[in-house]
Amino acid sequence: MQNETGTQRVKSIRVRKWKRWSIHLFPLPALFVYGLFIVYPLLAALTYSFFDWNGIARGAFIGFKNFIDLFTQEPFSGMFWNAFQHNVLYFVLQMIVQNGLAFLLAFIIYRKIRGAEFLKMAYFLPRLLSVIVVGFLWKLILNPNFGALNVLLGKFGLESLQKAWLGDPDTALISIILVNCWFGLGFGVLIFLAGFQSIPNELSEAARLDGAQGFKMLRFITFPLMMPSIVIMTVLTFIQSFEAFELVYAMQGSMGEPYYSTDTLAVYFYRLAFSSSTGGSTAIGLGSALAAVLFLFIVVFTVLYLKFMQKKEVDM
């Protein structure tokens, strides 16, 4: 009996140990997929950037020459900084228009107006569509000949405002950014609404009893407590702005038409690495160098911004 009891105890210990260690096996499929489709392409792109390329055939090791050419050799340098400026404008306008409007709409819904649930659904509905579908839809709406926008302007007697919205270098990029703001508005509303709902009612009531109203309430109570949501939206908007590709590609193609006025870094990368428009033997190397620079820029900015905001929250 004692031997049987001892044997059962040993088996029980082994089973518990196996269960404890088997838990660590469940993330392995996800880690494998993540490594195959995320980590490996990043490392491969970084490796490719240090080699010369003859078409799709890898040539000799050339060190940082692709990076140097990207920043110093024309037309690569001019196109890089042109696209970079467009990404910066993309980010700034999204922060002002998309996130500013999302913050305002979330606050209105938070005040529990009539139809708040319907508004939440309506604002988020565009997000359910494919980016490519959104791009082609708005390309039709903005068509200068039969597009709905110019037709409506003509109906209201505003023919002077009718434009070739995507054919004019002055309006093409702004039009695409505003379409992106429309597409991403609902997500911002949900993030900010979650932030508003996390503010304790007791704190708001105490502030009102102390005489905090209007701007004072927003400045000293609401805004500081909303900082986590604001930080999340800022980081996500920054990443999305500097990775902008699908919508631009769907509406204007890979050449950043007209006259590269809608070019972004991601579109420029696609043109360098996969398009024959450059005609150079180092296109894949230059594209990989651009991808590495873009990745490092996003990571460094995000880390520094998060560190800065953490320090600022401690000071507050």
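Student: Which residues is aspartate 69 in contact with, leaving aside its neighbours within four places in sequence?

Tutor: Contact means heavy atoms within 4.5 Å. By that rule, aspartate 69 is in contact with Phe76, Ser77 and Leu286, once its neighbours within four places in sequence are left aside. This is a predicted model, where local features need pLDDT of at least 70, side-chain atom pairs count only at pLDDT 80 or more, and totals for chains, interfaces and linings use all residues. Residues are numbered from 1 along each chain as its sequence is written, and side-chain values use heavy atoms, leaving out hydrogens and water.

Student: Is aspartate 69 buried or exposed?

Tutor: Buried means under 20% relative accessible area, exposed over 50%, and partly exposed in between (1.4 Å probe, protein chains only). Aspartate 69 has a relative accessible area of 10%, so it is buried.

Student: How many aromatic pairs does the structure hold?

Tutor: Rings of Phe, Tyr and Trp (its six-membered ring) pair if their centres lie within 6.5 Å; planes under 30 degrees apart are stacked, over 60 edge-to-face, and the rest tilted. The structure holds 27 such pairs. Among them, phenylalanine 50 and phenylalanine 64 are edge-to-face, 5.3 Å centre to centre with 85° between the planes. Phenylalanine 64 also pairs with phenylalanine 67, and that pair is tilted: 5.9 Å and 55°.

Student: Are phenylalanine 64 and phenylalanine 67 buried or exposed?

Tutor: Phenylalanine 64 is exposed, at 56% relative accessible area, whereas phenylalanine 67 is buried, at 14%.
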